[in-house]
Amino acid sequence: MELDILAFGAHPDDIELACSGTIIKAVKAGKKVGLVDLTEGQLGTRGTATIRLKEAEDAAKIMGVEFRESLGMMDGFFKDDDHNRTRIIESIRQYRPQIVLCNPPYERHPDHERASKLVKEACYYAGLKNIDTKWKGKHQEPFRPNSVFYYLQHFNLEPSFLVDISEEMEQKMEAIKAFKSQFYNPESEEPPTVLSTPQFLNHIRERCSNYGYLIGCNYAEGFMTQKDIIGVNSIFDIKT
């Protein structure tokens, strides 16, 4: 399977919170999108890995993606090492995406930073023919994505570009709310977290609203690039 977009997240719900509007918009445009969670969120304060797996499946259905899978790395303890980097290379070579989305390089959660570095390096090394990998016993050909974009999460980093998700905002919120165990529930007896406060989902909406204001639309999502300069096919692709 060859994808237009392959999105990686350190934890289930990273993708939904940061870039699900962009993913939904791509799916609506007929693009093929796949999701890969590095971990199952095993250390999450609320819910369990089993619950979050089901929630992740529900969110994927709402977004309409081709598939969602987990690499099963250990939440909080996965390492920046050759083994984990190779597993990501295998996914990239298997799905051959034109665009990879991943966690930002500078973040509140250490897992997000580590995941960002692993994915970025894997995207480069996936193009080297002398790195041998196999998928279900079959040799994989080298492949390097055209672009790697970092979605923005907790920190207020400067975006390189913004994507208008005005028409996708409500579906984005629906995908986020699929993770019922993580967000505000007045009947829950589990410990409170930053995500479970009554205000958190409003903050997500307000941030998208602020990004939208910057480009003259209702809602948008922000992304960073590895490079200072972005190439476009046509000058008409640029919106200011």
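Does Ser116 count as buried or exposed, and at what relative accessibility? At 2% relative accessibility, Ser116 counts as buried (buried means under 20% relative accessible area, exposed over 50%, and partly exposed in between, with a 1.4 Å probe and protein chains only). The model here is predicted, so to speak of local features takes a pLDDT of at least 70, side-chain atom pairs count only at pLDDT 80 or more, and totals for chains, interfaces and linings use all residues. Residues are numbered from 1 along each chain as its sequence is written, and side-chain values use heavy atoms, with hydrogens and water left out.Ser116 has its place in helix H4 (residues 110–125); helices (H or I, at least four residues) and strands (E, at least two) are DSSP runs, numbered from the N terminus. Leaving aside neighbours within four places in sequence, Ser116 is in contact with Cys102, Asn103, Pro104, Pro105 and Tyr150, where contact means heavy atoms within 4.5 Å.

Next comes helix H2. This helix covers residues 49–63, 15 residues in total, and reaches 21 Å from its first C-alpha to its last, close to the 21 Å expected at 1.5 Å a residue (the expected span is 1.5 Å times one less than the number of residues). Buried in H2 are Arg52, Glu55, Ala56, Ala59, Ala60 and Met63. Seen down the axis of H2, these buried residues fall within an arc of 145 degrees, so they line one face of the helix; the arc is that of the directions from the helix axis to the C-beta atoms. Thr50 and Lys61, on the other side of H2, are exposed. What do the buried residues of H2 pack against? Their partners are helix H1 (14–28), strand S2 (33–39), strand S3 (67–73) and helix H5 (169–177). Just after H2, Gly64 takes a positive phi of about 80 degrees.

Two other residues have a positive phi without being glycine. Phi of Arg96 is near 45 degrees, and Arg96 lies in the loop between helix H3 (82–95) and S4. With a relative accessible area of 25%, Arg96 is partly exposed. Lys136 has a positive phi of about 55 degrees and is found in the loop between strand S5 (134–135) and strand S6 (138–139). At 78% relative accessibility, Lys136 counts as exposed.

On to the strands, which pair if DSSP finds at least two bridges between them. Strand S1 (residues 5–9) and strand S4 (residues 99–102) pair in the parallel sense over three bridges, and Leu6 stands opposite Val100 in S4. S4 also pairs in the parallel sense with strand S7 (residues 147–151), over four bridges. There, Val100 stands opposite Val148 in S7.

Then there are the rings. A search of the whole structure finds seven aromatic pairs. Rings of Phe, Tyr and Trp (its six-membered ring) pair if their centres lie within 6.5 Å; planes under 30 degrees apart count as stacked, over 60 as edge-to-face and the rest as tilted. The rings of Phe183 and Phe200 have centres 5.9 Å apart and planes at 15 degrees, so this pair is stacked. The pair links distant parts of the chain, with Phe183 in the loop between H5 and helix H6 (200–214) and Phe200 in helix H6, 17 residues apart. Both Phe183 and Phe200 are buried. Ring pairs also link Phe67, Tyr95 and Trp135 into a cluster.

Charges sit over rings too, which here requires NZ of Lys or CZ of Arg within 6 Å of the ring centre and within 35 degrees of the ring normal. Arg114 lies over the face of Phe78, at 4.4 Å from the ring centre, while Arg144 lies over the face of Tyr124, at 4.2 Å from the ring centre.
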